[in-house]
Amino acid sequence: MEVVICKTKEQAAKLAADIITAAVEKNPKLVLGLATGSTPVKMYDEMAKAAKKRKISYRAVRSWNLDEYVGLPGTHNQSYRYFMNENLFKKIDIQLKNTHVLNGMAKDPEKECKAYEAAIKKAGGIDIQVLGIGSDGHIAFNEPGTSLKSRTGVVYLTPSTIKDNARLFFGGDMTQVPTKALSMGVGTICEAKKIILLAFGENKQNAIKGCVEGPVSQFCTASALQEHNDAWIFCDEAAAKKLKLRKYYAWRSATKLGIAL
Ligand code: F6R
């Protein structure tokens, strides 16, 4: 696991966007795994800016998103499909038919999840998976107590996630946040060839501590990434503050990336 500790979240977002942009440039048929939430917004912005400036095409890129709320149609302005259209897909030339978000309205959610996994497999697997992290250490919507081998399925949100998501979205109203979601499993996520996790702000300090230096445990599902051989954590100084070896990680990752942080 590499931990890149940046002075600002803007710098982290730009570095992560540069990695994805370069990968699309090299392989126009790249398969991306994408996340929603407040964290990746700036990175998506940077990806769109770079695509425009350097004429990088996403026409043949395919994407699979991590999760979707149960009960929200893609047209709902708090659905993750809507979020992706607004924050990334509209800004690049990706073909909407090549973008996949779990259907939160599926009549048979288990069937929907199985088909989603099969489609990812058919595409050759995810080349780069983008992740955020919940303040309770979740990745996608894999809350504490979820098997680290879990596959895509129906999941139940913790009160702390409902609170976090209400604060950032849903106009602050906890009663509006769905309590269930469809989510890629931890095992599914860990099959991606490369993983880029972004984490910003004090609210993510404990989660990053658990992810990077905690035991590998269901209690912090992001800790499963410790066993992945190409996982990159891009965070700002606030999120990294509780890491014991933060100075070492910062030096090592900057040296590997050939940059000064
Ligand atoms: C979103 C997702 C979640 C978020 C996490 C952090 O698709 O899978 O795991 O990444 O809840 O959310 P923010 O970025 O809003 O703090």
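Predicted model: local features only at pLDDT ≥ 70, side-chain atom pairs only at ≥ 80, totals over all residues.
Local features need pLDDT of at least 70 and side-chain atom pairs count only at pLDDT 80 or more, while totals for chains, interfaces and linings use all residues. Residues are numbered from 1 along each chain as its sequence is written, and side-chain values use heavy atoms, with hydrogens and water left out.

Trainee: Which residues come nearest to the ligand?
Mentor: A residue is near a molecule if one of its heavy atoms lies within 4 Å of it. There are 14 residues around the ligand, and those that come nearest are T39, D67, H138, A140 and K204.

Trainee: How far is an oxygen atom of the ligand from an N or O atom in the side chain of K204?
Mentor: A polar contact here is a pair of N or O atoms within 3.5 Å. A ligand oxygen lies 2.6 Å from a polar backbone atom of A140. For the side chain of K204, the distance from a ligand oxygen to an N or O atom is 2.7 Å.

Trainee: What radius of gyration does the chain have?
Mentor: The radius is taken over C-alpha atoms, and the globule rule is 2.2 Å times the number of residues to the power 0.38. With 261 residues, a compact globule would have a radius near 18 Å, which agrees with the chain's value of 17 Å.

Trainee: What box do the C-alpha atoms of the chain fill?
Mentor: The box is taken along the principal axes. Its dimensions are roughly 50 × 40 × 35 Å.

Technical notes. Polar contact = N/O pair within 3.5 Å; in protein donor to acceptor, adjacent residues only side chain to side chain.
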